[in-house]
Structures are given as structure tokens and as C-alpha cells.
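Q: Hey, can you walk me through this one? I'd like to start with the pocket.

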Amino acid sequence: MTPGDLRADAVSVVVNGRALVDEVTLAAAPGEVVALVGPNGAGKSTLLRTFYRATRPSAGRVTLDGQDVWGMPGKQLARKLAAVLQEAPGEFELTVYDVAAMARTPFKRPFEGDGAADRRIVMDALAELDVAGLADAPFDRLSGGEKQRVLIARALAQGTGTMVLDEPTNHLDLRHQLDALRLVRRLGVTAVVALHDLNLAAAFCGRVCVMDAGRLVADGPPGEVLTEQLLAEVYGVAAEVRPHPATGLPQVSVHPGT
Ligand code: ADP
Ligand code: MG
């Protein structure tokens, strides 16, 4: 596993004349964990979709280790880049193990079954996300948070050096949120993570990129980016930002107002 160098270079996605993503340039250096934040509809998911080749940019390029992802054979991309998507797929009648084991497909020959090594990788990944006990359960019956952990386990089992995660923690309880983001950091992979929780972004990501109305409006260390002024401009909220007493990282708090 070698962490990748993931870049979006002036990427735009235009649908019906509207730029959902508007000339965004963003680079994640090898091993860097970058948070992507911004209001609903800002274009975060659309940008991430261009990374894992679900939406083709109307203009600009996405490269992984210098290669245009849209020019790479599917298997080659899948060995280098894993995605944790926002929508849990309707994995009708598949078990948790089956869903996670899809991660190993890019490493197999056509019609090759699961080898012992693949099974161990998948079970280890499920154990890492605290869902090994659910391996034989139907995926459809899990809670939202359990599904999300299985999908993170699947990305982990893919063993890639680069991950794209779209709100991977939005259904998770506090401990599992921390566990999941700690895991991403510990792996040493390059990661771009869309997050809504700005305090988690500040705590786990060395860089925070902010999107608003399709554009990248800020990009830098959390202490520089997450300011009261930016939160007012981008989110339209009056929030307080104070340094965390222990870490010095910015902590965002809001009050109910009147
Ligand atoms: P975010 O993830 O930041 O909440 P999205 O990238 O999902 O934002 O969406 C950005 C905007 O693009 C939204 O206004 C959304 O409704 C719109 N949008 C997303 N996908 C499409 C599509 N396929 N066709 C038209 N509009 C879309
Ligand atoms: Mg989204």
C-alpha cells in the first residue's frame, strides 16, 4: 500500500448549464487527510464522484499519481482508490461478509472464488470496524450506522493507498466516529473526506477545504480556515470559534439564538 497523490485540476461539472462544481483545484499529497466541508448542495459529493469515476468532469482533470483516473483501466483504479459512498447501496439479500468481500474483486481473475487470504483480509477489516459479529447477517437489516461501518470495512479490505469518503461518519455514534477517523489517519493513506462536523474535521484533518456553490472558497490548515467570519459567510451562522483547551485546534460552537 503506497499512499497516492490525488489531484483535481480545474475540475468543473456542468449539468443543464449550471456548474455544480466550478473550476475546483484541490490536491491531496501522499498520506494527507483532507476534509471537504461546506453547506448542503455545495458540490462536495459531485466533486468526489469525479474522483472515483462516477461523474465525468465537464472540464479539468482528476489524476492519481499523475495518471488521469478517467484513462485508467477499471481494475487498476480499484487497486489504488477506494470509495465510501454516502448512499448505502441496496445490497438485496447479500450478507455483510458478501458486501465487504466485493473489495477483493479487483485482485482476482474472472470467476476466481475467495481464497483464504482474501477471507482473512475481509474478516480483519470487519473486525477493525467492530462489525465482524454481523458477518453472516443480511446487509439490508443493519442499522444505518452498522451499514456505514461495513462500507468503511469494505474500503479498508480493498487495501488501497487512497480513499475518498463521502460523509462516512454521519450515521455513527460518537465512539465509532472517532474510531473510523482514527483508523483513516492510522492507515497512512491519502484521503479526501467530506464531513459535516467541523470539529471532527479540525481534529482529524491536517487540511480543510471549503466548498460553497460549486466553488472552493478556502483551503488550508483548520486553524486558518475555520474562522467565525468564514462560518458566517459560507453557512450563514453566527458561531463561536475558540481554540480547544488541550489541542489548540479550532472548536466551533453554536448557541440556539432567539
Ligand atoms: P453536497 O454533497 O455538497 O451536499 P452535491 O454535490 O450532492 O452537494 O450537489 C450539488 C448540487 O448539485 C445540488 O444542488 C444538487 O441538487 C445538484 N445535483 C447533484 N447531482 C445532480 C445531477 N445529476 N443533476 C442535476 N443536479 C444535480
Ligand atoms: Mg453530499
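Q: How do the residues lining the largest pocket divide into nonpolar, polar and charged?
A: Keep in mind that this is a predicted model. The lining has eight nonpolar residues, two polar ones and two charged ones.

Q: What volume does the largest pocket have?
A: About 270 Å³.

Q: Which helices and strands each supply at least two residues of that lining?
A: Helix H2 (74-80), strand E6 (81-84) and helix H5 (144-157). Among the lining residues are Leu77, Leu81 and Arg154. Tyr52 and Arg53 are part of the lining as well.

Q: Where is Arg53 found?
A: Arg53 sits in the loop between helix H1 (44-51) and strand E4 (59-64). Its phi is positive, about 70 degrees, even though Arg53 is not a glycine. Most residues other than glycine have a negative phi.

Q: Is Arg53 buried, partly exposed or exposed?
A: Its relative accessibility is 24%, so Arg53 counts as partly exposed.

Q: What about Asp65, what is its phi?
A: Asp65 has a positive phi too, near 50 degrees. Asp65 is in the loop between E4 and strand E5 (67-68), and it is partly exposed, with a relative accessible area of 38%.

Q: New topic: which strand is Asp166 found in?
A: Strand E7, residues 162-166.

Q: And which side chain of opposite charge is nearest to Asp166?
A: That's Lys44, 6.9 Å away. Asp166 is buried but has no salt bridge.

Q: What joins the side chains of Asp166 and Ser45, then?
A: A polar contact of 2.6 Å.

Notes
Residues are numbered from 1 along each chain as its sequence is written. Chains are lettered from A and ligands numbered from 1 in the order in which they are written. This is a predicted model: local features need pLDDT of at least 70, side-chain atom pairs count only at pLDDT 80 or more; totals for chains, interfaces and linings use all residues. Side-chain values use heavy atoms; hydrogens and water are left out. On a 1 Å grid over the protein atoms alone, a cavity is a set of points where a 1.4 Å probe fits but cannot get out, and a pocket is an open set with protein on both sides within 12 Å along at least five of seven lines; lining residues have an atom within 4 Å of a point. Grid points are joined across faces, edges and corners, and a volume is the space filled by probe spheres set on the points. Helices (H or I, at least four residues) and strands (E, at least two) are DSSP runs, numbered from the N terminus. Ala, Val, Leu, Ile, Met, Phe, Trp, Tyr, Cys and Pro count as nonpolar, Asp, Glu, Lys and Arg as charged, and the others, Gly among them, as polar. Buried means under 20% relative accessible area, exposed over 50%, partly exposed in between (1.4 Å probe, protein chains only). Lys and Arg count as positive and Asp and Glu as negative; His and the chain ends are not counted. A salt bridge is a side-chain nitrogen of Lys or Arg within 4 Å of a carboxyl oxygen of Asp or Glu. A polar contact is a pair of N or O atoms within 3.5 Å; within protein, one must be able to donate a hydrogen and the other to accept it, and residues adjacent in sequence count only if both atoms are side-chain atoms.
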